[in-house]
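This briefing describes the architecture of one protein chain for computational work.

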Amino acid sequence: MPKTEIIAALTPEITAIRRDIHRHPELMYEEHRTAGLVAGKLEEWGVDEVVTGLGQTGVVGIIRGRQQNSGRVIALRADMDALPIQEETNLEHRSTAPGKMHACGHDGHTAMLLGAARYLTQTRDFDGTAVLIFQPAEEGGAGAKAMIDDGLISRFGIQEIYGMHNKPGVAIGKFEIRKGPAMAAADRIHIKIEGLGGHAAAPHRVNDPIVASCALVTALQTVASRNADPLESVVVSVTALNAGEAFNVIPQSAEIKGTVRSLTPETRALAQKRITEIVEGVMKAFGMKYEMEYRLGYPVTFNHAGQTDFVTSVTKEAFGSDAIETEVPPTMGSEDFSYMLEERPGAFINIGNGDSAGLHNPAYEFNDAAIPVGVNYWASLIEIAMPQRG
C-alpha cells in the first residue's frame, strides 16, 4: 500500500489521540498521564523497546528497521507539556483542566510523532534504528537537558537528531527552515534593589529606589543600541518593575526582572558583561545596595548545515519543490531542542499550522489537518536517511 494511503488510514486514530491529549493538558514535569498514554500506544503498536522516566517524565521508543546493516541511529523529538493558560475556545475537545491548555501545539507534536511510530512499526522500510523521543518540560523546564543528563544521547547511540514545531500563518503542507541560528538564546535577569524609604514629601531624606530603577531600565537599552554590533541581534527587555504601594510613601526597595535574547555566543557574552557592568555602575551612582541574578537559559537553536540541507531535500521529495522556504529570518523566541543540537548534528523545522491564532494564545488550536503532513515528514526522513539496500 502506498505511504500516503497508510498514513491516511491511521490519521483518524492519531487525531483522536491528539484531541484526548488536548483535553488533559499537563504542565512541565507533570506529564504523567500523557507519558503513560504515549508509552501504552508504543507498546500496543509493537515498538521494539519503550523506556519511560527519562528526564523525569520523558518517553523513548526504539524502532528497528527491516535491515540493520547501516548502523545508523537517527532520533526524532516531540515535546509533550502544556502551558498555564486558561483556554478560550468552544471546542468539543477543549481543556478540562482549569488554567491549563495546549496553547503551543505540543499535543499535535506528540500526536504526529506517535503517528510516525505507528507507520514505522508497520512498514519498517529502512536500514537502521529510529529513536523516537517524547520530551517533557519544553516550556521553561529544560526537559531536553534533563533527558540528556539522564543519558539520552549515549544510552541509545544517537548520531543525528531532528525536531519540528508547528507555525501559525504558514499554510498546511508547507515548511520553513534556516541554516545556522534559527532561534535565540534566552537568559534572565533578576535585580533586587535596596534604598532608603520614607515620606514622599521629603525625598531629600530618603534614597529612592524607583528613580534608580528607572535610570537602570533606560541604561540597559544601550546594550542593544550602543554596545552590540548593529548587524548582530540582541534584545534586552525589562518585563517587570515592582516597587511601592502607597501614593505618599517612597519605598525601601524595588525589584526588576527581564529577559535577554541573542543569536550568537559572542553577543550573548557581550550582553551579560555589559549588563553586569551597567547595573553595578548605576547602583553605585545612586548609592543603592543590590543583588543581581543573571541566569543563562536555553542556548541558541543552531541548525547544522548538512542536516538542514537534508531535511530540505526530504520535504521537496515528499511534498514538492515549493513545499519549503529556506530564506526565513531567525526568531528571538527560544527552544530547548537547542541542547540536543549542541550534542549531535541535526535540524529544527517549522510545519505549517494554517490560519490559526498565535502560539501561547488562549484561542490557539493545533490544526489536525497538519497531522498526516507531519507523519509523512517524519516517515520520509527516516526512510530517505536510511534506505534499504537490495
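Buried residues (under 20% relative accessible area, with exposed meaning over 50% and partly exposed in between, for a 1.4 Å probe and protein chains only) make up 53% of the 390 residues in the chain. The model is predicted, so local features need pLDDT of at least 70 and side-chain atom pairs count only at pLDDT 80 or more, while totals for chains, interfaces and linings use all residues. Residues are numbered from 1 along each chain as its sequence is written, and side-chain values use heavy atoms, with hydrogens and water left out.

**Overall make-up**

- The chain contains 11 helices and 16 strands; these are DSSP runs numbered from the N terminus, helices being H or I of at least four residues and strands being E of at least two.
- The C-alpha trace spans about 85 × 45 × 40 Å along its principal axes.
- Of the contacts (heavy atoms within 4.5 Å) with a separation of 6 or more, 82% are between residues 24 or more positions apart.

- Eight strands form an open sheet in the order 1-2-4-3-5-16-6-15, with mixed pairing; two strands pair if DSSP finds at least two bridges between them.
- Strand 1 (49-54) and strand 15 (324-325) stand at the edges with a single partner strand each, so one side of each has no neighbour in the sheet.
- Strand 1 runs antiparallel to strand 2 (residues 58-64), to which five bridges join it; Glu49 has Ile62 in strand 2 as its bridge partner.
- Strand 12 (residues 253-262) pairs in the antiparallel sense with strand 8 (residues 185-194) over 10 bridges, and Val260 in strand 12 is the bridge partner of Asp187.
- Strand 12 also pairs with strand 10 (residues 234-242), again in the antiparallel sense, over eight bridges; here Ser262 is the bridge partner of Val234.

**Nonpolar cores**

- A nonpolar core is a set of buried Ala, Val, Leu, Ile, Met, Phe, Trp, Tyr and Cys residues joined through side-chain atoms within 4.5 Å.
- The largest core has 55 residues, and those with the most contacts inside it are Leu76, Phe134, Tyr162, Tyr377, Trp378, Leu381 and Ile382.
- Helix 11 (residues 371-385) supplies the largest share of this core, nine residues.
- A second, separate core of 25 residues includes Ala142, Met147, Tyr339 and Met340.
- Beyond its neighbours within four places in sequence, Leu76 is in contact with residues including Leu113, Val131, Tyr162 and Trp378.

**Largest pocket**

- The largest pocket holds about 1000 Å³ of space. On a 1 Å grid over the protein atoms alone, a pocket is an open set of points where a 1.4 Å probe fits, with protein on both sides within 12 Å along at least five of seven lines, and lining residues have an atom within 4 Å of a point. Points are joined across faces, edges and corners, and the volume is the space filled by probe spheres set on them.
- Of its 43 lining residues, Arg261, Tyr298, Gly333, Ser334 and Glu335 are the closest to the centre.
- Strand 8 gives the most to this lining, with five residues.

**Leu263**

- Leu263 lies in the loop between strand 12 and helix 8 (265-285) and is buried, with a relative accessible area of 9%.
- Leaving aside neighbours within four places in sequence, the contacts of Leu263 include Pro181, Met183, Val300 and Met332.
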